[in-house]
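Please take the sequence and the fold together, and follow the chain through its sheet, its helices and its aromatic rings.

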Amino acid sequence: MYKDLINKKQKLSVIGLGYVGLPLALELAGRFSVIGFDINEDRLAKMRKKVDPGKELTVDKFENKDIVFTSSLNTLAEATFHIITVPTPINEFNQPDLNPLLSASETVGEILKKGDYVVYESTVYPGCTEEECIPVLEKISGLKADIDFKFGYSPERINPGDKIHTLKNTIKIVSGCDEEALNEIANVYSSIVEAGVHKAANVKVAEAAKIIENTQRDVNIALMNELSIICNRLNINTYEVLEAAKTKWNFLDFSPGLVGGHCIGVDPYYLAHKAMSLKYHPQMINAGRYINDSMGGYIGKKIVKKMIESGDKKHIRRALIMGFTFKENVADVRNSKVADIVKELHDYNVTTDIMDIHANPSDVKKEYGFELADQPSGKYDIIIVAVAHKEYRNLDESYFQNIGTEKTIFVDIKGLYRNRIKRLIYWSL
């Protein structure tokens, strides 16, 4: 398979061209003949014009690449090696929503041929690939896994907005249904990942390795968030505490904040779901999720208490929120926990203007029903720097004074302006 792919006798497909699939497809297209498949025609139209809908990749990343962007099943059928990179979200009850993954499996099943390979990259709980996805492929195609087609799992490790830890220099975990599949899949990824690959013992091990990466981060951030709540009650600054603690060589460098997005804020629920199905209640994972999911509401309530302490008697107060994406310097607003702050403030009769230089206003409107403002207007009783976008990191205090009042509360969620705000009422985690 690898020899036929590298010699372009066969084609490779990437199904799902989001923040994971598109950079992967373009990197592969530098070595192989690639079919980029997606069901969103608007996104495909942009990609054909060498535009990344996620605003992560520049035009030069599309140059000299052997790739076709399509939503056609007939075109997809030309490929013999398929990589599925669709989202794996949670539903309103924090349970895994496998619909995108199973739908993609059905799509591939319709065009699957004897001798083909299918590799999953979507983050799932251990066992999901073999228990949920492979049966769909078999049912739709009429083929048998391990006999008629090969499969594997290679978890994505792309960190949105990170220009240092990239696909090429991050070790790729690979797994296969048998030794032959493992080696062929490893060869494909080795051709584009300079850091090399790690061959996992089996598919379940690879699935578990990915999901604990984000679960570990989630639990560590939850500890920092709990620390920040305690420090606030002690009337000491959390970041000053962390600066002192980090002088110890083995102290882990985590900081408090909002945990949203489609990875850290979601993946632990997949692991918890699987644990519960095995009759085990994961106490630490669930505790971490509870703390991190409640931080938006906690911040909103702290702001209201600050308003009361300031003696502000207004019935209607105005807040400016700077930043809405789930993390700094990205356009993605999925599962943004800034929305929880907005909702909490609305419950206390605070009107809000939301600005975000990176977010797409139509995405915010569609996902949350909020309008984005182009720029500040009038005076604000509360100014919240919610996301550490590079454009919001080094503004002068005079900038905030000009759009505030003498009693304006300045909320610095990420501690960017610690010791730099002297004339406004300052609060941080």
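Is Phe410 buried or exposed? Phe410 is buried, with a relative accessible area of 0%, where buried stands for under 20%, exposed for over 50% and partly exposed for what lies in between, using a 1.4 Å probe and protein chains only. This is a predicted model, in which local features need pLDDT of at least 70 and side-chain atom pairs count only at pLDDT 80 or more, while totals for chains, interfaces and linings use all residues. Residues are numbered from 1 along each chain as its sequence is written, and side-chain values use heavy atoms, with hydrogens and water left out.

Phe410 and Tyr426 form a stacked aromatic pair, 6.1 Å centre to centre with 20° between the planes; rings of Phe, Tyr and Trp (its six-membered ring) pair if their centres lie within 6.5 Å, and planes under 30 degrees apart are called stacked, over 60 edge-to-face, and the rest tilted. The pair links distant parts of the chain, with Phe410 in strand E12 (residues 404-412) and Tyr426 in strand E13 (residues 425-428), 16 residues apart. Tyr426 is partly exposed at 22% relative accessibility. Both rings belong to one aromatic cluster together with Tyr399, Phe400 and Tyr417.

Another aromatic pair joins Tyr2 and Phe32, edge-to-face at 6.3 Å centre to centre and 75° between the planes. Tyr2 lies in helix H1 (residues 2-6) and Phe32 in the loop between helix H2 (21-28) and E2, so this pair ties together parts that are 30 residues apart in sequence. Helices (H or I, at least four residues) and strands (E, at least two) are DSSP runs, numbered from the N terminus.

Turning to the sheet, eight strands form an open arrangement in the order E3-E2-E1-E4-E5-E6-E7-E8, with mixed pairing, where two strands pair if DSSP finds at least two bridges between them. Strand E3 (67-70) and strand E8 (197-199) stand at the edges with a single partner strand each, so one side of each is left without a neighbour in the sheet. Strand E7 (residues 172-176) pairs with E8 in the parallel sense over three bridges, and Ile173 stands opposite His198 in E8.

Elsewhere, Asn214 lies in helix H8 (residues 203-234) and is buried, with a relative accessible area of 9%. Not counting residues up to four places away in sequence, Asn214 touches Cys263, Ile264, Asp267 and Pro268, contact being heavy atoms within 4.5 Å.
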